[in-house]
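Biologist: I am new to this structure and would like a close look at a single part of it. Please take me through that part step by step.

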Amino acid sequence: MQRLSILKFLNNKYLAFCLAGIFLVLSILLGISIGTVSVPILTIIKIISAKVFGLISLDKIDPMYSSIVLNIRLPRVILSGLVGASLAIAGAAFQGLLRNPLADPYTLGVSSGASVGAVLTLFFQLSIPFVGSFTLPLLSILFSFLTIFLVLTFASKIERSMRVETIILTGIIFSSFLGAIISLMIALTGDELRQIIGWLLGSVSMRGWEYIKIILPFFIIGSGLLIFNAKELNAMSFGEERAQHLGVNVQKRKLIILTAGSILTGAAVAVSGTIGFVGLVIPHLSRLLWGPDHRHLLPLSIITGSGFLILADLISRTIISPTELPIGVITALIGAPVFALILLQRKRMERSG
């Protein structure tokens, strides 16, 4: 009886959100506190309270701490949190839609497509009239959507049944091809695009509040669309035929989910570059811990993905300080072994089944 009550407690969704929330808050405080100059956590709380709620005056706080927190670390932490949340919820949606834990924006080639759009925008200094700074995320989103469309079209030509394995392999092929195009552009243009190499490896360094304004509306739209379709994702995770029997308009919902995932991925890549494995690791671990119900999985992926990338960014800028590693290197070092473990686990399940 006691064991059942413990299991029930662990499976409690309120507990899941509490633990995820605590993890995110701790990640934010550590991300702001730790650096070349350490900022006491109590001082951070005072600065944020003064700025947001006006409870105390900023004049009573050391101006050096205020400047570090408000102008450097807080925008960096918020941006990395939004990027991590975007990639994690997009990965959770792709995994649910394709019924495979190996699906994520990186393996499906969506991140690479968004990178091509971003690199073209930066290199040719493209600007859409009346859009201004939003040209970069809009073109990244457009290219990410075109990539997922081409991946699905190509996969259907190879195999009409469009098995998930075929889609993922096609995504990896497209990702490699698009990566080669980017490398070719960098090689041909020399110094002009060399600075973009660091951006392509993933970074939220020196981005500032302007980049938060760029990603925030797309994050709200994309995550809102996915959470609104959480029940439909639950139905489609059991197969398209069963979802149709349950009254789900599969084609319409699939298009909405793929569009929302492309919006989130394109916007994230536009502000931070290509950061792999976040959309693979976080949804998979969240599903293992708290179950596959997308009504809970999607928001939990947002919270844990945000905290994860904040910590990854913290590691990237402190592990060999004062030199800063690209954040994509840290996520790859963590994500690649997890990717391999998932593959091994799936093979063992296939053999035992």
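Which residues line the largest cavity?

Modeller: This is a predicted model. The lining of the largest cavity is made up of L87, D104, P105, Y106, S111, I275, G276, F277, V278 and G279. Sorted by class, six of these lining residues are nonpolar, three are polar and one is charged. The volume of the largest cavity is about 30 Å³, and the structure holds one cavity of 30 Å³ or more.

One of the lining residues, L87, has a number that falls in helix α4, which covers residues 63-98. Helix α4 packs with helix α3, residues 41-53. Two packed helices are described by the angle between their axes and the distance between the axes. For α3 and α4 the angle is about 70° and the axes are 10 Å apart. An angle of 65 to 115 degrees counts as roughly perpendicular, and α3 and α4 are therefore roughly perpendicular to each other. On the α3 side, T43, I44, I47 and K51 take part, and they meet Y65, S66, V69 and L70 of α4. By class, this contact has five nonpolar, two polar and one charged residues.

V39 sits in the loop between α2 (13-33) and α3. Leaving aside neighbours within four places in sequence, V39 is in contact with I32, S33, I44, Y65, I68, V69 and R73. Buried means under 20% relative accessible area, so V39, at 1% relative accessibility, counts as buried. The C-alpha atoms of V39 and A92 are separated by 35 Å, with the two residues 53 apart along the chain.

Notes
Residues numbered from 1 in each chain as written. Predicted model: local features only at pLDDT ≥ 70, side-chain atom pairs only at ≥ 80, totals over all residues. Heavy atoms only, no water. 1 Å grid on protein atoms, 1.4 Å probe; cavity = no way out; pocket = protein on both sides within 12 Å on 5 of 7 lines; lining within 4 Å. Points joined across faces, edges and corners; volume = space filled by probe spheres on them. Nonpolar A, V, L, I, M, F, W, Y, C, P; charged D, E, K, R; others polar. Axes fitted to C-alpha atoms, helices over the stretch in contact; angles between N-to-C directions. Helix = DSSP H or I, 4+ residues; strand = E, 2+ residues; numbered from the N terminus. Parallel < 35°, antiparallel > 145°, perpendicular 65-115°, else oblique. Contact = heavy atoms within 4.5 Å. Buried < 20%, exposed > 50% of the residue type's maximum accessible area, 1.4 Å probe, protein only.
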